Amino acid sequence: MLKKTFMFLITTLFLAGTVATLTGCNTIAGAGQDIEKGGKAIKDEANEQK
């Protein structure tokens, strides 16, 4: 009984960690795209002001 409970706990923690990691990656990727768009807008504005 204890071994079964322990394995369930380990599996649950592993799956929760995997989901958290994947969610974090998506958030970081989205932030990177936003930063890239901001940099492009600044670059375009700088080119117009030349």
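Mentor: Let us begin with what an accessible area is: it comes from the Shrake-Rupley method with a 1.4 Å probe. On that basis the chain exposes about 4800 Å², and carbon and sulfur atoms supply 71% of it. Please keep in mind throughout that this is a predicted model.

Trainee: What does the secondary structure of the chain come to, and how do you know whether the chain is spread out or a compact globule?

Mentor: The secondary structure amounts to one helix and zero strands. The radius of gyration is 22 Å, whereas the globule rule gives 10 Å for 50 residues, and because the value is well over that figure, the chain is described as more spread out than a compact globule. The box filled by the C-alpha atoms, taken along the principal axes, is roughly 75 × 5 × 5 Å.

Trainee: How much of the chain is made up of buried residues?

Mentor: Buried residues make up 0% of the 50 residues, where the word requires a relative accessible area under 20%.

Trainee: Why is Leu-2 called exposed, and how is Ala-31 classed?

Mentor: Exposed means over 50% relative accessible area, with partly exposed lying between that and the 20% limit for buried. Leu-2, which lies in helix α1, has a relative accessibility of 72% and therefore counts as exposed. Ala-31, also placed in helix α1, has 36% and is therefore partly exposed. Met-1, in the segment before α1, reaches 82%, so the label there is exposed.

Trainee: What makes Phe-6, Met-7 and Ile-10 a patch?

Mentor: Nonpolar side chains are joined within 5 Å, provided that each residue has over 30% relative accessible area and no salt bridge. Together, Phe-6, Met-7 and Ile-10 make a nonpolar surface patch of about 290 Å², and Phe-6 itself lies in helix α1, which covers residues 2–48.

Trainee: How do you know that Lys-40 and Asp-44 form a salt bridge?

Mentor: Side chains of opposite charge can pair when their charged atoms come close. The criterion is a side-chain nitrogen of Lys or Arg within 4 Å of a carboxyl oxygen of Asp or Glu. For Lys-40 and Asp-44 the closest N and O atoms are 3.0 Å apart, so the pair meets the criterion. A search of the whole structure finds one salt bridge.

Trainee: What distances in space go with separations along the chain, for instance for Lys-40 and Val-19?

Mentor: Lys-40 and Val-19 are 21 residues apart in sequence, and their C-alpha atoms are 32 Å apart in space.

Trainee: How far apart are the mean positions of the positive and negative charges?

Mentor: The chain has 6 positive and 5 negative charges, and their mean positions are 19 Å apart.

Terms used:
Residues numbered from 1 in each chain as written. Predicted model: local features only at pLDDT ≥ 70, side-chain atom pairs only at ≥ 80, totals over all residues. Heavy atoms only, no water. Helix = DSSP H or I, 4+ residues; strand = E, 2+ residues; numbered from the N terminus. Rg over C-alpha atoms; globule rule 2.2 N^0.38 Å. Buried < 20%, exposed > 50% of the residue type's maximum accessible area, 1.4 Å probe, protein only. Lys, Arg positive; Asp, Glu negative; His and termini not counted. Charge placed at Lys NZ, Arg CZ, Asp CG, Glu CD. Patch = residues over 30% accessible without salt bridge, like charges linked within 9 Å, V, L, I, M, F, W, Y side chains within 5 Å.
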